[in-house]
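The sequence and structure come first, and the notes follow.

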Amino acid sequence: MEQIERALRKAREDRQWSRPTRLFKDSAWTHPDQNGAVPSKTTKVRLDPASLKNHRVIAGQIHDPLIDLYRSLRAQVLQTLAQIGKTSLGITSATHGEGKTLTAVNLALAIAMDVKHTVLLVDADLRMPSVARYLGINPALGLSDYLTGEAEIPDCLLRADKERLSILPARSHVGNSAELLTSPRMMQLAAELKARYPDRIVIYDLPPLLSIGDTIGFLPSVDATLLVVKDGATRTAELTRAVELLSDHKLIGTVLNATQ
Ligand SMILES: Nc1ncnc2c1ncn2[C@@H]1O[C@H](COP(=O)(O)OP(=O)(O)OP(=O)(O)O)[C@@H](O)[C@H]1O
Ligand SMILES: [Mg+2]
């Protein structure tokens, strides 16, 4: 608890001086492509259908009957974000392994299938990144490379072969994930990603809330949060605490996920 409170305090202090800055030095990056989705020079990646299937990523399919569940989640999320006039969403859970990444990836793909929206999926779980694995891609650079100053954002961004979906992956585990996720550089990035294409939905796959201080410290940078709850596994006390922690961070709903 002390760890979470420390992270909250640090986030408040950092926010007092963090301001959006230009992350895109090359003017070629400052204009969206004709779909308004991503900078035109961004590396294009093919999402491997076998990997998607193996990891239960179904929302890009047209015929899977389960896709209706993600369509319904998409409708509710988009409606709520539109009502509050916001575009960025953090997906978290009380503890590990509750289905955050699967939900984030499927929701992002479901949104990308809707012609009215573009979406950016950010792997903000620097402790245990897995978005790239779920998508069957092997990025050369990722969010932690940007946060440690070793790469620029356009070098890390990927454009999926599914239209309207771009990805900011995290390449590999980093030891100081809490410090990186709550750093002023990350907060500036979140502000820039939101401001850059005002109509684009930005989805963050986050670490769990309890036991890890970095998640709560980052939450002020997202407009809204979604809590994934593992059916039959999340304890009542954990859920209550998670909801309490999210009450200041526009919790817009919960996803009851079965992981069997
Ligand atoms: N609805 C589901 N049905 C079946 N399996 C699922 C479901 N949701 C998640 N899983 C499986 O449970 C495991 C954990 O899911 P996932 O990686 O999405 O959780 P997570 O909350 O992101 O975990 P972590 O805290 O480690 O980041 C994965 O093997 C995933 O395929
Ligand atoms: Mg995960």
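**Salt bridges and nonpolar cores**

K116 is exposed, its relative accessible area being 66%. The model is a predicted one. K116 pairs with D114 in a salt bridge whose closest N and O atoms are 3.2 Å apart, and D114 is buried at a relative accessible area of 11%.

**Salt bridges**

- In total, the structure contains seven salt bridges, including the one between K116 and D114.
- R127 and D125 form a salt bridge through their side chains, with an N to O distance of 2.5 Å; R127 and D125 are both buried.
- A salt bridge also links E192 to R196, where the closest N and O atoms are 3.8 Å apart.
- E192 and R196 belong to helix 9 (residues 184-196) and are four residues apart, about one turn of the helix.
- E192 has a relative accessible area of 9% and is therefore buried; R196, at 14% relative accessibility, also counts as buried.

**Nonpolar cores**

- The largest nonpolar core is made up of 39 residues, and L47, L107, L165, I167 and I203 have the most contacts inside it.
- Helix 4 (residues 100-112) supplies the largest share of this core, with nine residues.
- Another core, of 35 residues, lies apart from the largest one; L120, A124, Y204 and L206 are among its members.
- When neighbours within four places in sequence are left aside, the contacts of L165 are L47, A108, L109, A112, V119, L121, L158, R159 and A160.

Definitions and conventions:
Residues are numbered from 1 along each chain as its sequence is written. Chains are lettered from A and ligands numbered from 1 in the order in which they are written. This is a predicted model: local features need pLDDT of at least 70, side-chain atom pairs count only at pLDDT 80 or more; totals for chains, interfaces and linings use all residues. Side-chain values use heavy atoms; hydrogens and water are left out. A nonpolar core is a set of buried Ala, Val, Leu, Ile, Met, Phe, Trp, Tyr and Cys residues joined through side-chain atoms within 4.5 Å. Buried means under 20% relative accessible area, exposed over 50%, partly exposed in between (1.4 Å probe, protein chains only). Helices (H or I, at least four residues) and strands (E, at least two) are DSSP runs, numbered from the N terminus. Contact means heavy atoms within 4.5 Å. A salt bridge is a side-chain nitrogen of Lys or Arg within 4 Å of a carboxyl oxygen of Asp or Glu.
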